Amino acid sequence: MFSQGSESLIKQAREIQEQELQKFYSRLVKLLQAKDLGHEAVDSLQRLYLLLSVNKHSRRLPSELQKRLVLLLSSPAEHFQVLSVSVLRETLSLSDQDLSHIQENIRPLNSHAAGLLLSQVGGGQLVSEWLKVRARSRDNLSSLCAHILHSLEGRLSEAPAHSRTHTLPIINSILSHSPQSLTEDHVTLLSKKLVEWLRYASTMQGGGASSGGFFTGQRSRQPVPTAELDGTVCGDFFTVLCVGQGFTEDQWMNVFSFSMLRHWLLTYHCVSNGNSTADTANRLQLSLSVSHSHSNDDRSEVDGSVVSMVSATSSSSRLLPPKERLREKAFQYCQRLIEQSDRKPHKRTDAELQKACLVEAVSILDCVCVEDASLVYRTFPCVKALFGRLGSDLSYVRVFLPIAQFYLNHGEMAAVDCESVWKLVFSQCPAELFNDYFLAHELLRFLRVNLETIQQRVPQYTRSFPNLLKFLAWDSPAVVDDFVDLLPSLVTAGTAVELLHSLLDLPCLSATLLIQLSSVSLPVSEPSGRGLQQDAFRNPGFRGLFLFLLREEAGSGDTIDRLSTLHQLLAEAADWPRVLQCAQVVPVLLHIYFNTVVKVADEKLLAHLILVMLERSSLLINIPTYTAEIHRVFSCHLLNLCQLHPSLVVDQSQELLEFAGSTTNVYSREEIYTHVVWVLGEYLSVSCDSRCSVRLITSCFETLEAVLFEVTSSSPPPGTTCPAPKVVTTIMSALAKLASRSHDLIPRVSLFLSKLKTAARAGSVAWCPDEEDLVAVVTRGEELWSLLKAPGVAQSVLTPQPHVAMPQWYRDTNVSMPLQLRALTHLTHTQ
């Protein structure tokens, strides 16, 4: 909330009249014409910014005022640069003349002016205006690129101090926004400059103190070499891991070049017609074969440097075209970084810098090997040695994923064993670092980006879902989107059953992870709020239950027989916030699971899944909303499975009848019970499966009849509520459907329906205290009783043939179902 004074100023700014505003513009122009700008000019510019920023729509400033504001961009005082940029950003787009003036006259190009140029010529327009200015924006961006790159053509020593430090960030932004703005000439020129800055930066420290975060210390009087992170003198190859008391400008350009190198390598092939990998490899072979005949070095680019140990091919690489030569130098630079990362730094911050540089170096090596396959055989020994050196040190977890990406892209080509990499990535890392938010984000992103390749080349992936689900159990809201994309790839015929159990046990896994962390952080004798669960976690008798939930791979048994015990142990965890969050995402994932499993499973597996649904509907952690949602999901997909494969009802008739014959299920699992009864009545028919016998229909009828009689003849058990009318009417409808297929059963169901009607007329009944609900049940019974008076019509209405489900039977008044109902009504009235 704004203070009262601030709100007053904002209100005044919004209510200012146009005439007063024009007078203010005129006064400000006169102020800005003065040679020395004082506090009054600062106050006026701040007021102008307030006037422009609090209004909903952008304004167009007078041309003279806009010109003066553009001139302020080159002011030696940075606060005037900031104010002018802030004001110009709030106005409508600058004219081409203003943009050209900024590009041509503001030297050096400071960060404020560069940011303004990018916002004006590259983006920030409304969608409705974008199409109109698209061509002009591209032309302006190309002009800006030409201007920036032209300023890079001279030597760094000839340029003013820090005049080029903003160029590469600007170009990097242009690459992100509009890579097409760079022409082939731009790409060639910048590739050459990147080679120069990366490979041939000075190794002597700068004269001034550093303003960056790479090194600290007093200013050196005499130029001295830069140092490694362990304090030894740096060699002839400067990299971002070299430190000292100050950086020269070419060293800063080296740092900036490395920071944008991967982005450049990934993007420049989009803006130019690059040569094929085969052509690149052939040229490299040719350059190596003739390298011995060239003894004269190109001293204009080396500029005093000597050949490094990692650049034995530098003379031959000079024969390559600029883009291919940049790849070669990037390869050498990254090898040098990997070599430097083996040194033990003196400072903790430098250790983190090493890890960050390793991530970038391995990613760049992967990028250059994708572009040039001939580099794979030179790069793999280096990456393999790095992985071996890091081993299983999980403090380097950030580096493991780029290494895994490299192995995934090139392991098959190099014919190397990737088993140890996948074991680390899919087994050890998630098991021990499931609470590392960075790892969760990066690993799941790695899986999403490479999903198709991983499914083909990494057999451990589908078996690792118990481990991957730990990320979901720990921080469900943050990673649920990732698992929405990944879950279908984990559903196979071999993993479907265990994956379903794991999804249902996800809240239990969440609670177990919390208990595990508490158990590790607290001594055995120290009490805590989760003492009971920790005791159970440490108890050898229950240890197996928790270890199964914490397993790393699929296929290691199950705990279905002891789930009730597990749920009792975790009863107090049912209201923990993290557990509740986890329970909320399970229904979403179950929908995705069932939509996928019907595509990969055969009928035998689907039949097994129906049994799992029936069994697990009563074996869920005691979270009431969670249980209700799971029952709703099961009900939905039980109908879907039986609709797709009606024969499943006959295959699993014994289990379905056992479930439907339990009166307890009417009260405790109402949703799923209703749908089980419905599928029995709907699909237990000869028209759906020829194996459906009269004996099976009679057995089902008698089971449902007994349940309906028990429900409607007694009060609900203590602690339960009355059954919903939907349950009763569903059982009645199922009985009528079964009787229409076996006419010997019609008298029995008719007798029951007539008794129901008589009992309802006698007054309220214990099983349905609500009068409106009772009327609805009785009305449904009368409709079914009327239908069963004409068995032939009843069968066509209650069990229509498949072709009757076509829209014609509901739209054509001559053959539709309403016609049959009208005929039936006529018959009943005549009788």
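Predicted model: local features only at pLDDT ≥ 70, side-chain atom pairs only at ≥ 80, totals over all residues.
Local features are taken where pLDDT is at least 70 and side-chain atom pairs at pLDDT 80 or more, while totals for chains, interfaces and linings use all residues. Numbering starts from 1 along each chain as its sequence is written, and side-chain values use heavy atoms, with hydrogens and water left out.

Let's start with the whole protein. There are 43 helices and zero strands, where helices are DSSP runs of H or I with at least four residues, strands are E runs of at least two, and numbering goes from the N terminus. Of the 831 residues, 50% are buried, meaning under 20% relative accessible area with a 1.4 Å probe and protein chains only (exposed is over 50%, partly exposed in between). Take the contacts (heavy atoms within 4.5 Å) with a separation of 6 or more: 75% of them join residues 24 or more positions apart.

Now for some packing. The axes of H16 (residues 348-371) and H18 come within 8 Å and cross at roughly 10°; axes are lines fitted to C-alpha atoms over the stretch in contact, with angles from 0 to 180 degrees between N-to-C directions. H16 and H18 are therefore roughly parallel, the label for angles under 35 degrees, with over 145 roughly antiparallel, 65 to 115 roughly perpendicular and the rest oblique. On the H16 side the contact includes Leu 358, Val 362 and Asp 366, and on the H18 side Arg 398, Ile 403 and Phe 406. Its residues split into eleven nonpolar, four polar and three charged. Here Ala, Val, Leu, Ile, Met, Phe, Trp, Tyr, Cys and Pro count as nonpolar, Asp, Glu, Lys and Arg as charged, and the others, Gly among them, as polar.

Ala 415 has a positive phi, near 55°, despite not being glycine. At 68% relative accessibility, Ala 415 counts as exposed.

Further along, H23 (residues 465-474) and H24 (residues 476-490) pack at about 155°, axes 8 Å apart, so H23 and H24 are roughly antiparallel. Among the residues that meet are Phe 465, Leu 469 and Trp 474 from H23, and Val 480, Phe 483 and Leu 490 from H24. This contact has eleven nonpolar residues, one polar and no charged.

Last stop: H31 (residues 603-616), whose buried residues include Leu 605, Leu 609, Met 613 and also Arg 616.
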